[in-house]
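Trainee: Could you take me through how strands and chain contacts are read in a model such as this?

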Number of protein chains: 2
Amino acid sequence: MKFRRSERLIDMTHYLLERPRELVPLTFFAERYSSAKSSISEDLAIIKETFEERGVGTLQTVPGAAGGVKFLVKISDSHAKHYIKELCELIATPDRLLPGGYLYLADILGNPSIVETAGKIIASAYASAKIDVVMTVATKGIPLAYAVATQLNVPVVIVRRDSKVTEGPTVSINYVSGSAKRIQTMLLSKRSLAEGSKVLIVDDFMKAGGTVVGMVSLLEEFNASVAGIAVLVESEKIEERLVDEYISLVQLADVDVREKRIKVKEGNYFNRNGMEE
Amino acid sequence: MKFRRSERLIDMTHYLLERPRELVPLTFFAERYSSAKSSISEDLAIIKETFEERGVGTLQTVPGAAGGVKFLVKISDSHAKHYIKELCELIATPDRLLPGGYLYLADILGNPSIVETAGKIIASAYASAKIDVVMTVATKGIPLAYAVATQLNVPVVIVRRDSKVTEGPTVSINYVSGSAKRIQTMLLSKRSLAEGSKVLIVDDFMKAGGTVVGMVSLLEEFNASVAGIAVLVESEKIEERLVDEYISLVQLADVDVREKRIKVKEGNYFNRNGMEE
């Protein structure tokens, strides 16, 4: 009997972690383990407590006949602070500097564990929000977008800069890139986004915000709305930021190409308020 | 005391699942929970048994002073068969057919849960193999590549068809696309791949295999070697497949544009042998 509870706890932990924001009826677990609902409730209480203590997330119980339990990711602020501090140090290495003041970040964006944690932290800010889909633009934002979408249990749509035969009919817009002031095109497969969708825009890097503004106009063509904007890194203060409301994990404070010095600080993630329900 | 074991089991399950193939010393857990190593060993035995029973994976114990335990993903064949069958049905919907016989798969590739399961199944085939890095080509293979790399605990490198300033110096090659017989270019950032790396190539779709062959030649330029090739979908039998050894989850058996019919069957995943250590 003791073993049964152990087995249940392990399997439920795995099951719930794999399905964030998905409502799992208590009867599902009761049948899965041939256990009484009261035992399942006790198990869930222990899991909830442990998740909260460890800064992993929480369980939300929905009462009633159509009720059940769902896991919401909720990385604790102390965990997030620690992670962001490490990320800042990683980004501040001088050998990332490329000609033109660009930063080489492919190793960071190519590390699934770093990207997944970033995704969990961003998703924590939207865990209770109404989000139908995560949108990003090819290529570098894709991994982060999936990491966020996984935790929000929603699909990802990918905006492209060039048309591909495998996309079917597309809707395209022109936009002005904020920093280079060049006219560019972006397009999205027509059938990839339903009308009225609430969309969380995710990208790896934001400079003036031209690309994000482009995605916002693209959403208008789909009668979809922006539910949030989140980026991993925002560039140092620039004169004219085209986007007001967004969250960032990291902010470049000062990039000095001549002195080969990169100053990096925490983004605005912890200053957000009123974003959660 | 009963609660302590419960809490340990939940937290260890979470901790291990988040870090596949990472060796965690028993002393780490012993200190984390202020528990005796013998209790930790008992916990791990229960977790291992539950993971194996549920077809999730296994725990591997490495004895000795530098020893510990690691989680290896190992989706059971029955789970994998079930998943692949569902995927086949999903792909066989006639409204995916695009002009030219192309298939719209963006909704499938945009579903994090589908992609993650595919990644776990592919990673199960390589869980014990020596893999240093997963390589894919932008754009559509990226989510699957991350899903596999997450489970193998290795970085992802992304080959591009165009050069980007944020990549730094690149190495490029020309290759012949197998189906269209066109000369194309692909390139990889020079600092993204270390010499001698053992590389698992992952892509969403393989037709004749020209792109994969291109990636293989690119690896030669880096003195890196191919540790495996895995694709989600391979196209129907074509005269001249350029690649011999690969695994696929799904195979298109027959795409009839005029009749609007797509026949899909299981790929060669279950026929593989001798691939694992």
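Mentor: β7(B), helix α8 (residues 210-221) of chain B and β8(B) form a right-handed β-α-β unit, where right-handed means that, with the strands pointing away from the viewer, the path from the first strand over the helix to the second runs clockwise. The model is predicted, so local features need pLDDT of at least 70 and side-chain atom pairs pLDDT 80 or more, while totals for chains, interfaces and linings use all residues. Residues are numbered from 1 along each chain as its sequence is written, chains are lettered from A and ligands numbered from 1 in the order written, and side-chain values use heavy atoms, without hydrogens and water.

Trainee: With which strands does β8(B) pair?

Mentor: Helices (H or I, at least four residues) and strands (E, at least two) are DSSP runs numbered from the N terminus, and two strands pair if DSSP finds at least two bridges between them. Here strand β7 (residues 198-206) of chain B pairs with β8(B) in the parallel sense over eight bridges, Val199(B) having Val226(B) as its partner; strand β9 (residues 247-256) of chain B also runs parallel to β8(B), joined by four bridges, and Glu234(B) is partnered by Gln251(B).

Trainee: Why is strand β8 of chain B largely enclosed?

Mentor: Buried means under 20% relative accessible area (1.4 Å probe, protein chains only); β8 (residues 225-234) is largely enclosed by the rest of the structure because seven of its 10 residues are buried.

Trainee: Which side chain does Lys120(B) meet in a salt bridge?

Mentor: A salt bridge needs a side-chain nitrogen of Lys or Arg within 4 Å of a carboxyl oxygen of Asp or Glu, and Lys120(B) meets Glu18(A) at 2.3 Å, N to O.

Methods:
Buried means under 20% relative accessible area, exposed over 50%, partly exposed in between (1.4 Å probe, protein chains only).
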